[in-house]
Amino acid sequence: MGTSVQVTPLSGAHSEAPLCYLLQVDGFRFLLDCGWTDSFDLALLEPLKGVAPTIDAVLLSYPDTMHLGAYTYAFAKLGLQATMYCTLPVHHMGQMYMYDHVLSRKAVSNFDLFTLDDVDTAFANSIQLKYQQHYQLAGKGEGMTITPYAAGHLLGGTIWKITKDTEEIIYAVDFNHRKERHLNKTVLENFVRPAVLITDAYNALNNQPQRKQRDQEFIDMILKVLRADGNVLLPVETAGRVLELILHLESNWAHQRLSYPVALLTNVSYSTVEFAKSLLEWMSDTIARSFGSSRENSFLLKYLKLCHDRKEFDELPSGPKVVFASMASLESGFARELFVEWATDSRNLVLFTERGQMGTLAKKLQAEPPPKIVKVTMSQKIPLTGEELQAYEEEQRLKIAAEQEVIPMEEDGHSSPKVKAVTGPLPLSVAEPGGGAPMNVEGLLATSEAPLHRQILIDGFTASDKTAAPMFPLYENPSDWDEYGEVINPDDYVVKEQELMDYQSSQPAPPAADGEENTDPEAEAILADRPSKVVVKDYTVQVKCALYYMDFEGRSDGRSIKNILAHVAPIKLVLVHGSAEATEHLRQHCVKNVCRDVYAPRIGETQDVTSDLCAYKVRLTERLMSSVLFRKVREL
């Protein structure tokens, strides 16, 4: 038999739930994507809990929440310790997604599933690869090679190829066969007859209009609303398809010389655009040639205003404007706030550019016919004052006092011996009563209550009579040196967070200019950590604004998917991620037109897709090898 291959969906099978799949290749366990929804429902992660500690490698294909949203939580709370592999844009933009999620929720609730530090720690455990870079796994995965290829759809989007011996396993979901303004098309069509192809049926029932027609309708709709003195809200993901939309509006604003404000309102808007400026080599050939010939960076934006909070947004000129705001699901973030404010004005437009996640506010608003009334729950953090603040401070004081009263105990239940600090000379060794051998007391000094560099004596011990003279302790501090000098420990220079906050709070704030307020970000951060409470209010929103959906998802449609699969012609095909109807439709088509072995496993169901081919290893003698003529086969 050939290489043993099993596929087990953990999420995203016969449904549009987040993508997460377990792939076992000869006992080596890959986690293909690790998605979550914007609602962060822990029930979705139940299948992942049992396998997370056993994963050997994580392959991430896109930076959005549906593909990597659960990675940070799994790494911090579920015991996932495997190395994560991705492209550089997926690494950077994925961090931006998770930062925005944390900051959006921290601003209005006591979000505690994971922190910004958890995001940094999880993403630090990664290896970034370039497109078509062959990376050979070591240890348990020796003999296997993973290679990322361009998938389109999102910046850094990846099709993964896993090679073992002569067999290839391709994982390709959400790819795009169309070349766009900022991305090249997928290279999936270049693969022929892989042993196993794992792909999705998400768009199997959808057909897309011509790009030129769609783009013109998009601009015409926005300008119609702006000229009628209305606002346009585009709920978008933090660092995904918004890049394509920004370039589209920038080119039209420049061509038509429009002056309507265009804003990107996210917690990480500046970082997102800065990363985009530095990742041009991952973008389309058009952008790369433009930069190579004239040094013109397509993301040096002239019309887009970057806003990190509502204060910066409110400072924009009054009047009609276009706003890209996160999150696309309307479950949190600035988009949710603006929807509640703007939905009651019939002049405004909420323009969706991608389908909403199941169970979210965006999904409800995209229903046909759209709802006239929706209930929205809004939360807000309010600093404690008066009696509430006093009660909180008293509770914290009692808690600290209780912690200080706890006496450290040794494992046998007895308290540690106390050491009395005195003045006077300290011998390096002392003798037991009765003239016993001298005892080294350096180990005792390290665990004493007094500081180490103090002259102390231990009750019950006296200096040895054999010593010629009193001896003072000698403290050696050996240092390591290399060709650059003394090796330092970075931890010695880290200022503790509490000490830093105590210092900052003791410093007077710099005087503000006339008519301006102090907007020191460090002061705001300290203010944000002040004791606060969460106030939740339910709103009944009269939806009078226009609601419209236009497909800018950047995925191949049903007809293109069928053509590509027929061209690739895999030996075995596994379908995941798509509604039950779309999955069954594509399965029946592929059985008739693509290959005989087509599988669509359900959540928790392990599908064996081991190849029927056999691979043999042959050892040739040196005499025979000297007369062999080599010919290239695929990449071998």
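Let's start with two neighbours, strand β13 (residues 262-265) and β14, which pair in the parallel sense over four bridges. Strands here are DSSP runs of E with at least two residues, helices are runs of H or I with at least four, and both are numbered from the N terminus. Two strands count as paired if DSSP finds at least two bridges between them.

A quick word on what we are looking at. This is a predicted model, where local features need pLDDT of at least 70 and side-chain atom pairs count only at pLDDT 80 or more, while totals for chains, interfaces and linings use all residues. Residues are numbered from 1 along each chain as its sequence is written, and side-chain values use heavy atoms, with hydrogens and water left out.

Back to our two strands. They belong to an open sheet of six strands with parallel pairing, in the order β14-β13-β15-β12-β16-β23. Which strands stand at the edges? They are β14 (304-307) and β23 (546-549), and each has a single partner strand, so one side of each is left without a neighbour in the sheet. From one strand to the next, the twist averages 20 degrees.

Helices pack on this sheet too. Helix α7 (residues 242-256) touches β13, β14 and β15 (322-325), and its direction makes about 165 degrees with that of β15. Touching, or contact, means heavy atoms within 4.5 Å. For the angles, axes are lines fitted to C-alpha atoms, for helices over the stretch in contact, and the values run from 0 to 180 degrees between N-to-C directions. Helix α8 (residues 269-278) lies across β13 and β14, at about 130 degrees to β14.

Now, please find Pro320, in the loop between α10 (310-314) and β15. Is Pro320 buried or exposed? Pro320 has a relative accessible area of 14%, so it is buried. Buried means under 20% relative accessible area, exposed means over 50%, and partly exposed is in between, using a 1.4 Å probe and protein chains only. Leaving aside residues up to four places away in sequence, Pro320 touches several others, including Leu226, Tyr260 and Pro261.

There is a second sheet I'd like to show you. This open sheet has seven strands with mixed pairing, in the order β6-β5-β4-β3-β2-β1-β26. At its edges stand β6 (126-129) and β26, each with a single partner strand, so one side of each has no neighbour in the sheet. Inside the order, strand β3 (residues 28-32) runs parallel to strand β4 (residues 57-59), joined by three bridges. Leu31 stands opposite Val58 in β4.

Next comes strand β24 (residues 572-576). Five of its five residues are buried, so β24 is largely enclosed by the rest of the structure. In a regular strand, side chains alternate between the two faces of the sheet. In β24, both faces are covered, with Lys572, Val574 and Val576 on one side, Leu573 and Leu575 on the other, and all of them buried. Strand β11 (residues 196-200) runs parallel to β24 over five bridges, and three bridges join β24 to strand β25 (residues 597-599), also in parallel.

Let's turn to charges. A salt bridge is a side-chain nitrogen of Lys or Arg within 4 Å of a carboxyl oxygen of Asp or Glu. How many salt bridges are there? The count comes to 22. In one of these, Lys140 meets Asp56 at 3.3 Å, N to O. Lys140 sits in the loop between β7 (135-136) and β8 (144-150), and Asp56 in the loop between α1 (46-49) and β4, so the pair ties together parts 84 residues apart in sequence. Lys140 is exposed, at 55% relative accessible area, and Asp56 is partly exposed, at 25%.

Another pair is Arg555 and Asp174, at 2.9 Å, N to O. These two are 381 residues apart, with Arg555 in the loop between β23 and α17 (558-568) and Asp174 in the loop between β10 (167-172) and β11. Arg555 is buried, at 11% relative accessibility, and Asp174 is buried too, at 2%.

To finish, here is the chain as a whole. The protein chain has 19 helices and 26 strands, and of its 636 residues, 46% count as buried.
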